[in-house]
Amino acid sequence: MFKSIRNMLAIPELRQRIFFTLAILFVYRIGGHIPAPGVNAGALSDWFSSQQGGLFGFFDMFAGGNLRKATIFALGIMPYITASIIFQLLTAVIPSLEKLQKEGEAGRKKITQYTRYATIALALLQSFGISVWLQNSVGAEVPGLIDPALGVWGFRLLAMITMTAGTAFIMWLGEQITERGIGNGISLIIFIGIVARIWPDVQSTIGKITFNETNIVNTLILLIVMVLVVAGVVMIQQGQRRIRVQYAKRIVGRKVYGGQTTHIPLRVNTAGVIPIIFASALIMLPNTILMFTDAEWLRTLQSWLMPGEPLYMVLYAGLIIFFSYFYTAIVLNPADLADNIKKYGGFIPGIKPGKKTEAFIDRILTRITLAGSVFLAVIALLPIVMSMIFQAPFSFGGTGLLIVVGVALDTMRQIESHMLMRHYDGFLKKGRIRGRR
């Protein structure tokens with residue numbers, strides 16, 4: 001391991017990219033401690049601690065805890081993620097955007113530009129909503145949360161300008177990492193925010209052991225489960241079903257083309273973390289709205305939708321499975337795969353080209369998506385179940401873990417590609433990442 005790190009730092013370009021990435025992430029963490037004007041950060045943090053299962057808590061995870069602390073990065077990178085998902089979905093249904101995507105680098109740059117504009121618009125809208133929410137809802141429960149000297153619209157405008165500028169700056173930092181650093185910048189920013197929140201949970205667990213609120217046996221079981229969960233996530237994230245494709249020989253002039261065998265890799269978890277994001281936002285939205293109602297029957301409904309309740313867990317798992325199939329159907333079309341195979345003179349051994357190939361791919365995709373979606377549902381519900389059983393925070397599960405593992409694997413692949421180009425052995429000698437094969 002130390003030899004691999006030494007080899008990694010011995011490559012000037014790679015060393016420069018790694019240090020540049022670390023410097024940008026340090027700037028991001030510094031900005032996460034600069035308070036936004038006009039908000040009592042301590043009072044807001046205490047209020048967040050008393051609320052569980054709300055949409056704002058989910059939003060705060062992607063903001064790296066900055067919404068809870070009322071910093072200038074309170075919106076985090078969530079507006080950019082939302083805009084990216086929107087354009088990814090629109091690309092599948094709007095012909096002009098689909099045409100842009102197929103134009104190559106120039107088309108992708110145009111879509112990226114549209115995504116930036118949409119990010120600013122969403123940041124303005126979300127910052128306005130958060131400012132109204134802080135004034136009317138949280139402010140009513142927490143006296144002194146908002147500085148009265150700013151006035152109603154003064155605070156709203158100040159919050160919109162500050163939070164939108166913070167999101168634009170984070171977006172720029174992420175793009176700088178992608179271009180001049182190592183790894184995907186936006187993903188690394190989310191990664192560092194999630195990792196930074198693990199230590200407080202570890203401290204809380206240690207405190208429970210110290211004060212005999214939980215025992216060492218339970219803690220050891222938690223550690224074993226954490227290791228198994230991380231191993232399972234890596235296995236599913238890297239898992240593929242490879243479909244063998246044979247290409248017929250073609251003679252063009254005096255040259256022979258084709259005659260080779262290749263594979264189509266279908267990932268077990270094609271949708272990634274998107275189903276959990278969609279399902280979490282959808283199931284937490286009514287719970288957050290019902291939080292501000294006084295009707296008795298609505299309060300009862302809210303209690304049924306709290307994390308840990310049977311209705312919540314059934315709906316949550318069902319939504320994750322549904323969105324797994326929905327998103328996979330958008331990003332991976334069996335008909336297009338079958339047409340491309342046929343266009344380039346390929347065929348799946350034992351399967352006729354055309355409709356038969358499409359049906360074959362669709363059947364395999366349906367089966368592996370079921371396994372991937374059930375696994376996502378288990379991972380998403382695991383923190384809730386483990387916290388209920390052991391009465392201790394359990395951070396290794398849900399959206400955060402999938403993002404952390406996915407980003408770590410992607411960054412490792414990029415580092416290894418740089419090392420292999422310089423004739424160094426990879427970062428890991430055993431259990432090599434699938435991207436190297």
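The legends below describe close-up views of a predicted model.

**View 1. Two tyrosines of helix α15 form an aromatic pair.**
The structure holds nine aromatic pairs. In one of them, the ring centres of Tyr 312 and Tyr 316 are 5.5 Å apart and the ring planes meet at 45 degrees, so this pair is classed as tilted. Both tyrosines belong to helix α15, which covers residues 310-331. Four residues separate Tyr 312 from Tyr 316, about one turn of the helix. Tyr 312 counts as buried because its relative accessibility is 3%, under the cut-off of 20%. Tyr 316 has a relative accessibility of 5% and therefore counts as buried.

**View 2. Phe 322 and Phe 323 form an edge-to-face aromatic pair.**
The ring centres of Phe 322 and Phe 323 lie 5.2 Å from each other, with 65 degrees between the planes. Phe 322 counts as partly exposed, because its relative accessibility is 49% and the exposed class begins over 50%. Phe 323, at 12% relative accessibility, counts as buried.

**View 3. Four aromatic residues form one cluster.**
The members of this cluster are Tyr 28, Phe 73, Phe 169 and Trp 172. Phe 169 and Trp 172 also belong to a nonpolar patch on the surface, which is the subject of the next view.

**View 4. Six residues form a nonpolar patch on the surface.**
The patch consists of Phe 26, Val 27, Ile 30, Ile 34, Phe 169 and Trp 172, and together these residues have about 560 Å² of accessible area. Helix α2 supplies the largest share, namely three residues. Val 27 is located in helix α2. With a relative accessible area of 36%, Val 27 is partly exposed.

**View 5. A charged side chain sits over a tryptophan ring.**
The residues shown are Arg 156 and Trp 153. The charged end of Arg 156 is 4.8 Å from the centre of the Trp 153 ring.

**View 6. Three strands form an open antiparallel sheet.**
The order of the strands is β4-β1-β5. Strands β4 (261-267) and β5 (346-347) are at the edges; each has a single partner strand, so one side of each lacks a neighbour in the sheet. Strands of a sheet pair through backbone hydrogen bonds, in either a parallel or an antiparallel arrangement. Here, β1 and β4 run antiparallel and are joined by seven bridges. Within this part of the sheet, Arg 242 stands opposite Pro 265 of β4.

**View 7. Strand β1 pairs with β5 in the antiparallel sense.**
Strand β1 spans residues 240-247, and two bridges connect this strand to β5. Gln 246 stands opposite Phe 347 of β5, while Tyr 247 stands opposite Gly 346 of β5.

**View 8. Gly 183 lies in the loop between α9 and α10.**
Helix α10, on one side of this loop, covers residues 185-196. Gly 183 has a relative accessible area of 2% and is therefore buried. Gly 183 and Ile 18 are 165 residues apart in sequence, yet their C-alpha atoms are 9.3 Å apart in space.

Key: Residues numbered from 1 in each chain as written. Predicted model: local features only at pLDDT ≥ 70, side-chain atom pairs only at ≥ 80, totals over all residues. Heavy atoms only, no water. Phe/Tyr/Trp six-rings, centres within 6.5 Å; stacked < 30°, edge-to-face > 60°. Buried < 20%, exposed > 50% of the residue type's maximum accessible area, 1.4 Å probe, protein only. Lys NZ or Arg CZ within 6 Å of the ring centre and 35° of its normal. Patch = residues over 30% accessible without salt bridge, like charges linked within 9 Å, V, L, I, M, F, W, Y side chains within 5 Å. Areas by Shrake-Rupley, 256 points an atom, 1.4 Å probe, with all protein chains shown as cover. Salt bridge = Lys/Arg side-chain N within 4 Å of Asp/Glu carboxyl O. Pairing = 2+ DSSP bridges.
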